[in-house]
Amino acid sequence: MRDVRKGRGAASNRSGRYERHEREAFDDGWDTIDQAPPTLRTEVRPDASRTVITRNNSPDLGFDRSINVYRGCEHGCVYCYARPTHAFLGLSPGQDFESRIFAKHDAPAQLERELARPGYRCRMIAMGTNTDPYQPTERRLALTRGVLEVLDRHEHPVGIVTKSALVTRDADILSRMARRRLATVALSVTTLDRDLARTMEPRASAPTKRLGAMRTLSEAGVPVGVMVAPIIPGLTDHEMESILEAASEVGAGRAGYVLLRLPQEVRELFLEWLSVHAPNKARRVISLLQGMRAGRLNDANFGSRMTGAGPYAELLATRFAAATKRLGMVRRGPDLDESRFRPPARDPAQLALF
């Protein structure tokens, strides 16, 4: 059911696994199936979630809480592991995920209330863990900036990962927080090939723009890192050293990488994308992935799901370690200061028990 649309990553809008009916394109006799489909416009809807801080206990992650002010992501990265979350909303993890965005309009106010709770204990909050906090919709809604203003006001540490140069808009807040050891930023770079990036992550900032954002933030005093993510064996893995070198030149002092993950519906969407945009490389990509995932295309096990296993995975790890050592880059970012946190004043209309 291919439905390739300009500016969108997924090549179809296949039904999610919880939907009762499955959609399929067919020729109705009027030869319309081969006509170029109309432009798919982005819709932004309100997200009525009652909490804004999400918690996890994953041993693979260096944080236990995060904030995602958007559900869905207009960047349209075809490999995005967050795509299956749209199935829980009765929508497609395909083009729905990148065109039907849910925004938590009250995120800053809700965060203020959650930070004020008596039992709250400060730990670094991560942003950009599921969907990008600086996707195009943020330019208009500024919800991420509102969240940063709350965190800055109460001296709460934050770590950001993004694929967007829009992060530099908030350099004033981030640099102010960084001076108090309260903020770090990492830019995710999958490829330096502009044409490949345009088809694989169509509405994310171009690779050169992301490198420029690293330079801007570094010059503003914000600790900056690069995530070579995801590494796609047989397609982008040969660029690992080039990406690290380019990021190091513009001020990135730390680096990490993640092997391509294909959970749930992402697998079929990515294989479909390969068949459309890189058919001559599809067999090698699939073979290498299976070699690092015990014969499967995905591995959900803690410990190995981020890096894979086997000889090729070990080669990637060796190359990464050698390159970062040569460039003087580290894996961990600076320790942020959790002792500075000042909780918001509690609602004066709510009486304390003691």
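Trainee: How many of the residues of strand S8 (residues 183–188) are buried?

Mentor: First, a word on the model. It is predicted, so local features need pLDDT of at least 70, side-chain atom pairs count only at pLDDT 80 or more, and totals for chains, interfaces and linings use all residues. Residues are numbered from 1 along each chain as its sequence is written, and side-chain values use heavy atoms, with hydrogens and water left out.

Mentor: Next, the terms. Strands (E, at least two residues) and helices (H or I, at least four) are DSSP runs, numbered from the N terminus. Buried means under 20% relative accessible area, exposed over 50%, and partly exposed in between (1.4 Å probe, protein chains only). Now the case: 6 of the 6 residues of S8 are buried, so the strand is largely enclosed by the rest of the structure.

Trainee: Which residues of S8 lie on each side?

Mentor: In a regular strand the side chains alternate between the two faces of the sheet. Here, Ala 183, Val 185 and Leu 187 are on one side of S8. Thr 184, Ala 186 and Ser 188 are on the other. Both faces are covered.

Trainee: In what sense, parallel or antiparallel, does S8 pair with strand S7 (residues 158–162)?

Mentor: Strands of a sheet pair through backbone hydrogen bonds, either parallel or antiparallel. Two strands count as paired if DSSP finds at least two bridges between them. S7 and S8 pair in the parallel sense, over 5 bridges. Val 158 has Ala 183 of S8 as its bridge partner. S8 also pairs with strand S9 (residues 224–231), in the parallel sense over 4 bridges. There, Leu 187 stands opposite Val 226 in S9.

Trainee: What do S7, helix H5 (residues 171–178) and S8 make?

Mentor: They make a right-handed β-α-β unit. To read the hand, point the strands away from you: a crossover is right-handed if the path from the first strand over the helix to the second runs clockwise.

Trainee: In what order do the strands of the open sheet with S1 stand?

Mentor: The order is S1-S5-S4, 3 strands with mixed pairing. S1 and strand S4 (70–71) stand at the edges, each with a single partner strand, so one side of each is left without a neighbour in the sheet. S1 and strand S5 (residues 100–103) pair in the parallel sense over 4 bridges. Val 44 stands opposite Ile 101 in S5.

Trainee: Now a helix. How far apart are the end C-alpha atoms of helix H9 (residues 266–277)?

Mentor: The expected span is 1.5 Å times one less than the number of residues. The 12 residues of H9 should span 16 Å, and the end C-alpha atoms are 16 Å apart, which agrees.

Trainee: Which helices do the buried residues of H9 pack against?

Mentor: Contact means heavy atoms within 4.5 Å. The buried residues of H9 pack against helix H6 (194–200) and helix H10 (282–292). Those buried residues are Val 266, Leu 269, Phe 270, Glu 272, Trp 273 and Leu 274.

Trainee: How many aromatic pairs does the structure hold?

Mentor: Rings of Phe, Tyr and Trp (its six-membered ring) pair if their centres lie within 6.5 Å; planes under 30 degrees apart count as stacked, over 60 as edge-to-face and the rest as tilted. The structure holds 3 such pairs. One of them is Tyr 120 with Phe 341, edge-to-face, at 5.7 Å centre to centre and 65° between the planes. This pair links distant parts of the chain, 221 residues apart. Tyr 120 is buried at 9% relative accessibility, and Phe 341 is buried at 14%. Another pair is Phe 270 with Trp 273: the ring centres are 6.0 Å apart and the planes at 20°, so the pair is stacked. Both residues lie in H9, 3 residues apart, about one turn of the helix.

Trainee: How many disulfides does a search of the whole structure find?

Mentor: A disulfide is a covalent bond between the sulfur atoms of two cysteines. The cut-off is a pair of cysteine sulfur atoms within 2.5 Å. The search finds 0. For Cys 73, the nearest cysteine sulfur, that of Cys 77, is 6.2 Å away. The sulfur of Cys 80 is 6.4 Å from the closest cysteine sulfur, in Cys 77, too far for a bond. Cys 73 is buried, at 6% relative accessible area, and Cys 80 is buried at 13%.
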